[in-house]
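Work through the exercises below with the sequence and the coordinates open. Each task is followed by a solution in steps.

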Amino acid sequence: MITLDETKIAAYLDGSLDADERAAVEAALDRQPEWLRVVALLARDRQAARTEGSEPAPTEGSDSLCDDDCDEDSPDAAIHGHGRERRRGRVSLTPGTRVGRFEILRRLATGGMGVVHEAWDPTLERAVAVKIAFDRPRDPKARERQLREARTLARLSATNVVTVYDAGEHDGRIYLAMEKLSGPTLRTHLATARAGAGLSAAQIVGLFIEAARGLDAAHRKGVVHRDFKPDNVIVERERVVVVDFGLALRSDDERPGGDETLALAQTHSVAGTPAYMAGEQRRGEAVTARSDQYSLCVALTEALDAAQVRVSPQLRKIIDRGRAEDPRARYPDLGALITALERAMTRPRRLLRGAALGAAGLGLVAALLLARGEPPPVAVLLPEQSCAATRSELDATWNPAARERLATRLRSFEKPYLDEMATALGAAIDARAQAWTRARHEVCLALELGLESAQTHDLRVACLERRRDELELFLQLDWDEGDESSAARSLTALAELSPAAVCDDLELLRAATPLPETPAAREQAEALRRELAKVELLHSARRLEQAEALARELITRAEDPGLEPILAELHGELGWILVTAGDHDQASAELDAALLLAEASGHDLLLATLWVRKLWAEGHIQADLERGRAAAAHARAWLRRIGNPVELSFDYQTNLGWFEYSAGEPRSAVAAFEAALELVNDDHSRAVAHNSLGAALFSIGDTAGAEPHMRQATALSTALFGERHPETAKIRNNLAGLVRVLGDYDECARLFALNLDSFTEAYGPDHELVAQTEFNLAVLAADRGNYEQSLRYAGAARTKLAASLGEDHPIILTVQGLEADVLINLDRSEAGVALLREVLDAQRRTLGPEHPNLVPTHHNLGIGLAKAGRHQEALVEYERALALLASGKGEDHYELSAILINLGRAQQQLGRMQAAESAYRRAVELAVPMSEPEARSHLGRLLLERGRDEAGIEQLERALEGQRDLDADDVFMAQTTYALARALWERGEEDRARELAEEAAGLYLDNGDEQSAADARTWLARRK
C-alpha cells in the first residue's frame, strides 16, 4: 500500500508516474481525502509557476481544455486550437485548472454529455465533483438559457437528487459543481446483492421508490432527466441519489413552446440510452416527465427479472402502466406511481409480530439493513410507518364536503360559466392538496432518516403549514357574497397562492421573514401573518375596500418593537392593493415605506418582491421610465442575492416585459417574455406567458411568431376557466385581433361575438369590456366595408365608455377617430375631417403631441384630406403618422405599410412618381399577407403608368394571386383585375383580358360602384 507524501503527489501532478503508480495514488487519495487539499495547493503552485514562465499552461481561459487524444503530459496538451479538429466528447481539464472557485484535481469519469472531475473547494475546504459539458452553447441566447437552467439544478434541494453547489461557465462551456459521491451505482449495488444473499422484491422496489422520489422532486422544479437508468443512480450509504442530469446541458438545446415542463434538455432530440427510452423519445417527439416514468419502470422490471423474485400481479400491473407505450396511459406523475408502488408493497396486518418488519422497502433504512443481512429490531417503527399520519393531515381542510360547499357558492350566481369553472376549481385544489401531502410526507421522512437537520425540517414544516393556512382561508372565504366578478376570480386567486414546491427551496426559506426573538412577539407575528394572508386573498379576489381596511387595521397592530418584518410586509401589501385600485401616489408611498422597513430588518425576500412590484407599478402603470429602470436594476440585484426563486423571477420577467413594451422597446419586451415562459411551472402562468409573448411579437409585426403563442394561451385558458369565462375572453381578444390582421375576418367575427356574449353574461350589457368588444366589432365591420354597421357598433361603444370613463378618456377619442374614418368612407369627408381635427386636438392635450396613439388620427386625417382633393395637406399628415409610428414601434413595423400606400397615392396625385414608387415598394416589403396584395396592386398600376409594362404586370399578377388567397371580393380586387386586363390586352392576351374585365365589372357592381362597372363594360364592348 502506497504512503502519500508531497514528493509522491508532486510526481503524480508532473505526470512522471506510470499507470499502476497513478492508480495507487488515486486509491490512496480516496482512503485519505485529507491529502486532497495538498494536491490542490501543489497544483495551484505549478499552475502559477508555468504561467510566469514560457511553458504553455492551462489557465482559466480557453487553454485549459484538452482532447483525450492528445497526451496530457505533453506541452501540446495545454494548448487549445492547435490545428487539429476537436472531437466532440473528448474534453478534459488538467490538474490545477480553476473552474470558478474550484481547483481541478483529477478526472473521475466521462459521461454521455460531459467529463466529471474531482475538484477542491477552497472556500468550504471540501472535495467536490465538477462536471463540464462537452459542447459550447451555439449562441448567446442558448448560453443564457443553459446557465439559467443549470442554476435551476443548483436550486433543487431534495434528498434523492445529487446536491449541486454551484453552476457557471468555463471556457464557453457550462459546468456544475456537485457533491462528490462514493457509493456504487444502483446497477452495481443490485449485481453485488445478486451475487450474495440477494434482495427481495420489496427491497428492490424500495430502492426504486427512493429514486422515483428524486425524479419527482426534479419534475416539480420543471427538470426532466431524459436518461434515467441504474447507472445514473448512486446508493450512497442510506441514500438513493439520482445523478447525471447531463442531457440538461446540450449545446443544441431547443425547447418547443408549450411543453408540459421547463425541460432542461432538448425536448425534441433523440438522446439518452435506447434500452430505457420511452417510445416518444426514440421517435424524437416531445419528452416530458412521463418519459422519465417509463425509463424508471423499464429499469425496475429489469431489476426484478434479474433477481428472479416473485412479483405479485398487482405490482406487475402498476409497473406495466408506468411503462405504457402511450404517455397518456401512464400515471399522471411520479407521485401517483410512488403511491401505487407503496400500496402494492404494504403487507397485510395479520403477520406475526416477529415478522412485522418483513415488509422492507417501506423505508430505505430497513431495506439497506436487510440487504446487508442485518435484521432490524422488531420494536422499531420504519420511517414510512412513523410518517403515515402526514398523509391525512389535509383531510380536515379539503374533503368532499368542502368541495361541495365551494361549488354551491359559485353556482349560487346561476351563471353557466361559473358552473363550468367550479369543476375546474375543484380539480385544481385536488392537485394542490396532493402536492402538499406529498411534500409534507417527504419532509417527515427526511427527518426520520436523518437526512435533514431539525432546523431545516422546522423551516420546511413552517412553510408547509403556511400553505395549508392559505388554502383553509381560501375555502372559508364567502365566494357567494359580494360581486360576481370576485367569484369569477376564484381560480386566479387560487393560482396566486404559493405552491408547496416553494418549501423545497431552502435558500428562499432562509431569505423569508426574520422571526422576532421573544416567544410573545413571535406568536404575535404569526397571528399577524395569518391575517395578512387574508388580506392577500381579498386582494386577489378584488375585494379592494375590504382588503385595504384590514391592511390598515393590521398596520396599527404591528407597531410594537420586534415586528418590523411583518410591518414591512403589511405596508408592501397595502401599497400593492393601492396599485390595483389606481391610487398611484399613495401606492408608491406605501411601497417606499415597506422598502425602508425591509432593509432595516434584513428581509431580503420582501426587498426583492417590492422592487419587482415597483417595476410594474411605477415603470409600467405610471410609465415612469427612470424609476422603472431603477426598479428593474434593484429587482435583479435582490433576486440574485436570494438565489433567483422561480416564481418571483417569473413575475420579474413578466413585469419587465410589460415595462419594456410601454417604454417603446417591444423587442426587449419579447426577450423578457421569452425568459418568463421558460420559468413557468403551472398552466395559469403558462397562459399568461404565452399571451404576453404573443402580444409583444404581434406588436413588432411578427404575426407568424405571435399566432402559436396566442392560440396556446387561448387553449390553456379555455381548459382552465372554460370557454365562456371572462378571463378566457380577455385572452381570446388578442387572438381575434391577430386573425383580423391575418385577413381571416370570419374567424375574427366569431371570436369577437363569443367574447361579447361572455362579457355580457358575466358583467351585464353596459360594462366597459362589453363596450370595448363592440368597438372591436366596429373596426371589423369597417374592414369589411359595412360602414353603417360599424357606426352603430361604434356609437354604442362610445356611449357606454363615456358613462364609465368620462368623455375625455383616450379610449373615447379612439372610438371617435374610427367614427370619423367611417364618415370619410361614406363620402362625408367634410364631417369626418372636422371630427378628426377635434380628436387630434384633444389627444394632444391629454397625451402630448408625440404619443403613438396619435398615429391613426394623423393617418385617417390624411385619408379625409385626400378624399377632399387636398393632397399636399394629406401628405403632411401621412408623414407625421409615419414618423410617430417608426419612433414608437420601429422602422420595420408592418403597420407602416398601410400609411406608406396612402403616402404613395398622395405623391402620385402630386405628380411625384419616383417618390410614389419608393413608397409603394417599401409598403410591399413591410406588408403582412392581408395588406401585401393592395400594396402590389398600387405598385403595379404605377409601373404601367410609367411605361414599365412587364414589371407592372408581374406585380399585378402577384397582387391578384394574393387577393384570391384571401378570398377578397372588394373594390381593391376589382381595381387590380381591371388594370391587369387592360395590360394583358396590350400584350396580346385577349381572351384572358376579356375574362378579367368581366370579373372586374362584376366586382365593381357587387361593391356598389356602378360607374366603374359601366366603364369596364364599355371597355369590353369596344373590344368584342
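**Exercise 1.** Find the helix that holds Asp-604, decide whether Asp-604 is buried or exposed, and list the residues that Asp-604 touches beyond four places in sequence.

Solution. 
- Step 1. Asp-604 belongs to helix H23, which covers residues 604-621. The model is a predicted one.
- Step 2. The relative accessibility of Asp-604 is 16%. Buried means under 20%, so Asp-604 counts as buried.
- Step 3. Leaving out residues up to four places away in sequence, Asp-604 is in contact with Ala-511, Trp-638, Arg-641 and Ile-642.

**Exercise 2.** Describe the largest nonpolar core: which residues touch the most other members, and which helix gives the largest share?

Solution. 
- Step 1. The largest nonpolar core has 90 residues, and those touching the most other members are Leu-425, Ile-429, Phe-474, Trp-479, Leu-494, Val-535 and Tyr-652.
- Step 2. Helix H14, residues 416-448, supplies the largest share of this core with 10 residues.
- Step 3. Another core, of 58 residues, lies apart from it; Val-164, Val-235, Val-311 and Tyr-331 are among its residues.
- Step 4. As background, nonpolar side chains in soluble globular proteins tend to be buried together.
- Step 5. To follow one member, take Val-535: beyond four places in sequence, Val-535 touches Ala-547, Leu-550, Ala-551, Leu-554, Glu-573 and Ile-577.

**Exercise 3.** Determine how helices H39 and H40 are oriented to each other, and name the residues through which they meet.

Solution. 
- Step 1. The axes of H39 (residues 932-945) and H40 (residues 949-965) come within 7 Å and cross at roughly 160°.
- Step 2. Angles over 145 degrees count as roughly antiparallel, and H39 and H40 are therefore roughly antiparallel to each other.
- Step 3. The crossing of H39 past H40 is left-handed.
- Step 4. On the H39 side the contact is made by Pro-933, Arg-936, Ser-937, Leu-939, Gly-940, Arg-941, Leu-943 and Leu-944. On the H40 side the residues are Asp-949, Ala-951, Gly-952, Ile-953, Gln-955, Leu-956, Arg-958, Ala-959, Gly-962 and Gln-963.
- Step 5. By class, the residues of this contact are eight nonpolar, six polar and four charged.

**Exercise 4.** Determine how H37 and H39 are oriented to each other.

Solution. 
- Step 1. Helix H37 (residues 896-909) and H39 have axes that come within 10 Å and cross at roughly 20°.
- Step 2. Angles under 35 degrees count as roughly parallel, so H37 and H39 are roughly parallel to each other.
- Step 3. H37 passes H39 in a left-handed crossing.
- Step 4. Ile-901, Arg-905 and Gln-908 in H37 meet Glu-934, Ala-935, His-938, Leu-942 and Glu-945 in H39.
- Step 5. The contact comprises three nonpolar, two polar and three charged residues.

**Exercise 5.** Determine how H15 and H19 are oriented to each other, and count the residue classes in their contact.

Solution. 
- Step 1. H15 (residues 454-476) packs on H19 (residues 519-540) at about 50°, and the axes are 10 Å apart.
- Step 2. H15 and H19 are therefore oblique to each other.
- Step 3. H15 passes H19 in a right-handed crossing.
- Step 4. Arg-466, Asp-469, Glu-470, Leu-473 and Phe-474 in H15 meet Glu-526, Arg-529, Arg-530, Ala-533, Lys-534 and Leu-537 in H19.
- Step 5. The count is four nonpolar, no polar and seven charged residues.

**Exercise 6.** Locate Arg-226 and Asp-827, and classify the burial of Arg-226 and of Asp-827.

Solution. 
- Step 1. Most residues other than glycine have a negative phi.
- Step 2. Arg-226 has a positive phi, near 75°, and lies in the loop between helix H6 and strand E9. At 2% relative accessibility, Arg-226 counts as buried.
- Step 3. Asp-827 also has a positive phi, of about 65°, and is found in the loop between helices H33 and H34. At 66% relative accessibility, Asp-827 counts as exposed.

Note on methods:
Residues numbered from 1 in each chain as written. Predicted model: local features only at pLDDT ≥ 70, side-chain atom pairs only at ≥ 80, totals over all residues. Heavy atoms only, no water. Core = buried A, V, L, I, M, F, W, Y, C linked by side-chain atoms within 4.5 Å. Buried < 20%, exposed > 50% of the residue type's maximum accessible area, 1.4 Å probe, protein only. Helix = DSSP H or I, 4+ residues; strand = E, 2+ residues; numbered from the N terminus. Contact = heavy atoms within 4.5 Å. Axes fitted to C-alpha atoms, helices over the stretch in contact; angles between N-to-C directions. Parallel < 35°, antiparallel > 145°, perpendicular 65-115°, else oblique. Left-handed = near helix turned anticlockwise from the far one by under 90°. Nonpolar A, V, L, I, M, F, W, Y, C, P; charged D, E, K, R; others polar.
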